[in-house]
Amino acid sequence: MGPSKVVLITGCSRGIGLGFVRYFVKHNWKVLATCRTPHEAVELKKVLQDHNQTEIIQCDVSFDDSIEACYQSVLTLGITHLDLLINNAGTSNDKHPFENPSRMKRDEFHRILDVNATGLAMVTNRFIPLLQAAADPLVVNIGSMFGTVSMVDVLTCASYRCSKSCLNMLTSLYALEFSDIGFLALHPGWVQTDLGGKNPKPPLTVAESVGKMSEVIAAFDKTKSGQFWSLDGYQLDP
Ligand SMILES: NC(=O)c1ccc[n+]([C@@H]2O[C@H](COP(=O)([O-])OP(=O)(O)OC[C@H]3O[C@@H](n4cnc5c(N)ncnc54)[C@H](OP(=O)(O)O)[C@@H]3O)[C@@H](O)[C@H]2O)c1
């Protein structure tokens, strides 16, 4: 067996991020699991310990200092390349999904954009050198069908939707800039997480969503770089 591949994932404390950690440790990847408050991420810590992985790395994608410290921690671990970066960290607001554009608040809109789009870009930018050191690197941005402009039919989640449209645009622009790195925006489906909500209950478990997304990731080739795909293996409008 060759050396294990290296993945860095943001927002691993719970939900889909934690699901990705469970998936990749089982598949013998070296997993660099990041989250905002490591001391509170009890479940994540246990999963990493059980699989002899390195400790949780702190990373709040809203702060450049935190991203830089995360990058330095990764270097200190002796990591010399990154095969996969999963920009998973995401947020919405307490009005989700009931937020018309006319009700948006400046601070709230900026906070959501900051995590879901700006933070994603800043993390990506910092890790470009390690990605370029990998043989066939890929950046996966966890988007949402809610970001698709052609699918706007109901008035929901205005700030969140704009942030996910932004994510799609960033994915395409990065693909244009870097031909040596793959970039993929990926819709996880409607998933049973805090963000997915409880009422009504979303149809997909985290494990189901992550399992399907991992198949799309494994089937990625550079002809798809910059595109937006569904967990079910078909391309979506950005
Ligand atoms: N669930 C769905 O149905 C669904 C559908 C479409 C897209 N998505 C996307 O899937 C991704 C994961 O969402 P989820 O459903 O797993 O939601 P979740 O359970 O609410 O988890 C969100 C994760 O993002 C982290 N996070 C929030 N702000 C952060 C920041 N500034 N820096 C670093 N991490 C931060 C949270 O950390 P803390 O614990 O520290 O808050 C948490 O780990 C998001 O990008 C979301 O938009 C989800």
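## The second largest pocket

Nine nonpolar, three polar and five charged residues make up the lining of the second largest pocket.

What counts as a pocket here? On a 1 Å grid over the protein atoms alone, a pocket is an open set of points with protein on both sides within 12 Å along at least five of seven lines, while a cavity is a set where a 1.4 Å probe fits but cannot get out; lining residues have an atom within 4 Å of a point. Points are joined across faces, edges and corners, and the volume is the space filled by probe spheres set on them.

## About the model

This is a predicted model, where local features need pLDDT of at least 70 and side-chain atom pairs count only at pLDDT 80 or more, though totals for chains, interfaces and linings use all residues. Residues are numbered from 1 along each chain as its sequence is written, and side-chain values use heavy atoms, with hydrogens and water left out.

## Overall build

The chain has six helices and eight strands, in the order β-α-β-α-β-α-β-α-β-α-β-α-β-β from the N terminus. These are DSSP runs, numbered from the N terminus: helices are H or I with at least four residues, strands E with at least two.

Along its principal axes, the C-alpha trace spans about 50 × 40 × 35 Å. Of the contacts (heavy atoms within 4.5 Å) with a separation of 6 or more, 67% join residues 24 or more positions apart. Buried residues (under 20% relative accessible area, 1.4 Å probe, protein chains only) make up 50% of the chain.

## The largest pocket

The largest pocket contains about 1,400 Å³ of space. Its lining runs to 50 residues, with G90, Y160, T193, L195 and G196 nearest the centre. By class, that lining has 20 nonpolar, 22 polar and eight charged residues.

Which elements supply at least two residues each to this lining? They are α1 (15-26), α4 (106-132) and α5 (158-177). The largest share is three residues, from α1.

## The cavity

There is one cavity of 30 Å³ or more in the structure, and the largest cavity has a volume of about 40 Å³. T10, V61, N87, A89, V115, N116, G119 and L120 line it, with four residues, the largest share, coming from α4. This lining has four nonpolar, four polar and no charged residues.

## A look at S230

S230 sits in strand β7 (residues 227-230) and is buried, with a relative accessible area of 1%. Leaving aside residues up to four places away in sequence, S230 touches L186, H187, V216 and L236.

Methods. Ala, Val, Leu, Ile, Met, Phe, Trp, Tyr, Cys and Pro count as nonpolar, Asp, Glu, Lys and Arg as charged, and the others, Gly among them, as polar.
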